[in-house]
Amino acid sequence: GPTRRAARWSALVADVHRGLSSLDPQSLTDVVWSLAVVGHRDNRLLAAICHQAFQHIEAFSPSNLAITSWSFATLAYRDDMVMKRINRQALSRLSEFEAQSLANLAWALATMRFKDDVLMHHL
């Protein structure tokens, strides 16, 4: 029933939280995207994801950068330090972005009302 499902979900989220430090950029992106798709905003988990993303942002692909930004925006979760880091990384690699990833990144910035004149000028 619903109570068992909720307990399983809570256990899954706790397991993910405990294992975050071992996740690669693609897995971190998959986790935050999954949370966004199901609409599960867990501020402690999102802060931990931001911490991991901040440390490993150079290893994120353009798609990872865009999907991670989209996911945070979808969850109405904003971490300015991580977004600045994502934006700087995106700016240095704009030529590698596909149109959909650029659109997702621009949508995320607009949705979060995150002002980045330099990046937006290049988009």
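Leaving aside its neighbours within four places in sequence, with which residues is S69 in contact? S69 is in contact with M83, I86, L105, A108 and M112, where contact means heavy atoms within 4.5 Å. The structure is a predicted model, in which local features need pLDDT of at least 70 and side-chain atom pairs count only at pLDDT 80 or more, while totals for chains, interfaces and linings use all residues. Residues are numbered from 1 along each chain as its sequence is written, and side-chain values use heavy atoms, with hydrogens and water left out.

**Overall fold**

- The chain holds seven helices and zero strands, and from the N terminus on its elements follow the order α-α-α-α-α-α-α; helices (H or I, at least four residues) and strands (E, at least two) are DSSP runs, numbered from the N terminus.
- A compact globule of 123 residues would have a radius of gyration near 14 Å, and the 15 Å of the chain agrees with this; the radius is taken over C-alpha atoms, and the globule rule is 2.2 Å times the number of residues to the power 0.38.
- The C-alpha trace spans about 50 × 25 × 25 Å along its principal axes.
- Of the contacts in the chain with a separation of 6 or more, 77% are between residues 24 or more positions apart.

**Surface and charge**

- Buried residues account for 38% of the 123 residues in the chain, where buried means under 20% relative accessible area, exposed over 50%, and partly exposed in between (1.4 Å probe, protein chains only).

**S69 in helix α4**

- S69 lies in helix α4 (residues 62–74), and it counts as buried because its relative accessibility is 0%.
- The side chain of S69 reaches the backbone oxygen of L65 at 2.9 Å.

**Two exposed residues**

- P2 belongs to helix α1 (residues 2–19) and is exposed, since its relative accessible area is 63%.
- The C-alpha atoms of P2 and P25, which are 23 residues apart along the chain, are separated by 32 Å.
- A76 sits in the loop between α4 and α5 (80–92), where it has a positive phi of about 55° although it is not a glycine.
- With a relative accessibility of 56%, A76 counts as exposed.

Terms used
A polar contact is a pair of N or O atoms within 3.5 Å; within protein, one must be able to donate a hydrogen and the other to accept it, and residues adjacent in sequence count only if both atoms are side-chain atoms.
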